[in-house]
Amino acid sequence: MQRIIELRPELIQALLETFAMIGVAIPIAVLLGTPLGIWLFVHAPGSIAPQPKLHAFVSGLVNMLRSFPFLILLIAIIPFTRFVVGTTVGTAAAIVPLTINAIPYFARLVEQNITQLGTGAVEASRAMGATRRQIIRNVLLVDAKPGIIGSITITTVSFISYSAMVGLVGGGGIGDFAIRYGYYRYETPVMVIAVILMVLLVTAVQLGGNRLACVTDKRL
Amino acid sequence: MISLCNISTVFTARGKTPVTAVDDVSLDIPKGSIQGIIGFSGAGKSTLLRNINLLERPTQGQVLLDGTDLTQLNDEELRQARHQIGMIFQGFNLVNNLTVAQNVELSLKFAGVKGSRDRRERAAEALSIVDIAEKADAYPAHLSGGQKQRVAIARALATRPRVLLCDEPTSALDPFTTATVLQYLADINRELGITVVVVTHEMEVVKALTDHVAVMESGRIVERFPALQLHDPQFQPATAIGKYLVSDGIQVDRAPTSADTLTPVTAVTGVERALDREPVAVAGGRD
């Protein structure tokens, strides 16, 4: 217990680092991943505006990024990271690979959210003379909203966990704290506390996300 | 009003043999009439209906709406033309996360009606045509099938179209609700002068609602007759498919023993309750 109090400033620092990483990576992933997910849906073969070749290319690119083990991606894009944030260590440097990984991850979820809506309302909208943009904005995104909120929740939770790995580039964060103090230094109580904090964090995100999705979902 | 001239629609999927869904069909639908298109699943009747507003572009042929060939229009012109052609579907196809009023307003927005107050007023007006204005703020999930279809009708009518295409409009509804919905379609045709095209597999629907009937099989119209003839007990359609469609009920060969083992039904309570479910339908229409 004494040790926990001793480590309190670092624990708080680690939590702030986690918030920073998630707070930057997830919004950017949502901002860029949503249009990418819509693009993947719209141009898929048999969809509203099929572009089979281009779609296959972009989809392959997304798959490639998605299939990289996160640690390898982290190392592989170091030159890019340096280019973007000017450094390859620290929290800022960790945000870059997290974001790069989160964009295709989130895009796929959005694509799924839209695909599972079914074609009925889109067909009705086409019959009503809607433009493609109107269909996306007024129909697809409206009906997919609860699903997309759920996807933001899932992505956030996943990346709280992913962010534990960024200790490799000195990224910090609560997960890294658990590994450094708890695991490497055999301070089991410290590790337990850190993990409990992560569980609480994840639970809070999940409950909040569920709540929000529920409020926006009028389908039941 | 609507003239389909030598329409063919062929679906070509890569690596599969092409399927001819509509095979050289010509059909004239007079202004203000109700045309029924009947046939079994896979006969091509829904594809033919979707050819009219080019949801499915025919491979060959012309679609004339008041003399304009829709197949020659560019995207923008086609969108404008579609505002003249309302459509309703078997599955209603409402936007589930929007209220009833918002769903109707959406079609006005798509039609380019500026001003949210204008849209709101016209949506309310359209909803009152099908007597469902009181549900304006409800979400589709809280409506019955018949109510959803009425909202879909209001949505289609809001843009004041000249034509209403109905793709199996009552196939997901029970007989009572079907009667209500058909009554609204008949009223709309009569009072607003809208030309109605109904695709269905139920002879009851064409008998109750339409002026002209076209029977489809394997992508072709094999027979047509005035719907009035369906009310003549002597009437015999020319084709086997036509005869089957007007025949009474469904016949199934079963083992003769099964009837003996059935327990006779004695309790008949609950029938009145079933009738209460859609009181409007029992009255044969609206209040």
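Helices α3(A) and α6(A) are oblique to each other, a label left for angles that are not under 35 degrees (roughly parallel), over 145 (roughly antiparallel) or 65 to 115 (roughly perpendicular). The structure is a predicted model, in which local features need pLDDT of at least 70 and side-chain atom pairs count only at pLDDT 80 or more, while totals for chains, interfaces and linings use all residues. Residues are numbered from 1 along each chain as its sequence is written, with chains lettered from A and ligands numbered from 1 in the order in which they are written.

The label for α3(A) and α6(A) rests on their geometry: helix α3 (residues 52-67) of chain A crosses α6(A) at roughly 125 degrees, and the two axes come within 9 Å. Axes here are lines fitted to C-alpha atoms, for helices over the stretch in contact, and angles run from 0 to 180 degrees between N-to-C directions. This crossing is left-handed, that is, the near helix is turned anticlockwise from the far one by less than a right angle, clockwise being right-handed. On the α3(A) side the contact is made by A:V62, A:L65 and A:R66, and on the α6(A) side by A:I100, A:P104, A:Y105, A:A107 and A:R108. Contact between two residues requires C-beta atoms, placed from the backbone, within 7 Å. Sorted by class, these residues are six nonpolar, no polar and two charged; nonpolar covers Ala, Val, Leu, Ile, Met, Phe, Trp, Tyr, Cys and Pro, charged covers Asp, Glu, Lys and Arg, and polar covers the others, Gly among them.

Helix α6 (residues 91-115) of chain A also packs against helix α5 (residues 78-85) of chain A, at an angle of about 120 degrees and with the axes 9 Å apart. α5(A) and α6(A) are therefore oblique to each other. In this case the crossing is right-handed. A:F80, A:T81, A:V84 and A:V85 of α5(A) meet A:A92, A:A93, A:V96 and A:P97 of α6(A). That contact has seven nonpolar residues, one polar and no charged.

The C-alpha trace of chain A spans about 70 × 40 × 25 Å along its principal axes. Of its 220 residues, 41% are buried, meaning 20 or more other C-beta atoms within 10 Å, against 12 or fewer for exposed and partly exposed in between, with C-beta atoms placed from the backbone. Among contacts in chain A with a separation of 6 or more, 71% join residues 24 or more positions apart. The unreviewed UniProt entry places "domain: ABC transmembrane type-1" at residues 15-208 of chain A; positions follow the numbering used here, feature names are shortened, and annotations may be inferred rather than shown by experiment. That span is 80% helix and 0% strand, and its end C-alpha atoms lie 19 Å apart.

Chain B has eleven helices and ten strands. Buried residues make up 43% of its 287 residues, and residues 24 or more positions apart account for 66% of the chain B contacts with a separation of 6 or more. According to UniProt (unreviewed entry), residues 2-243 of chain B carry the feature "domain: ABC transporter". The span is 34% helix and 26% strand, with end C-alpha atoms 27 Å apart.

Strand β1 (residues 2-11) of chain B contains B:S8, which counts as partly exposed, with 17 C-beta neighbours inside 10 Å. Beyond residues up to four places away in sequence, B:S8 touches B:T20, B:V22, B:D23, B:D24, B:P58, B:T59, B:Q60 and B:G61. Its C-alpha atom is 9.5 Å from that of B:R57, 49 residues apart along the chain. B:N6 also lies in β1 of chain B, and has a phi near 50 degrees, a positive value in a residue other than glycine. Most residues other than glycine have a negative phi. B:N6 is exposed, with 11 other C-beta atoms within 10 Å. Phi of B:E168 is likewise positive, near 50 degrees. B:E168 is in the loop between β7 (163-167) and α6 (175-192) of chain B, and counts as buried, with 21 C-beta neighbours inside 10 Å.

The chains meet through 20 residues of chain A and 22 residues of chain B. On the chain A side, α7 (120-127) and α8 (132-162) each supply at least two residues. The largest share, seven residues, comes from α7(A). By class, the chain A side divides into eight nonpolar, six polar and six charged residues.

Technical notes:
Helix = DSSP H or I, 4+ residues; strand = E, 2+ residues; numbered from the N terminus.
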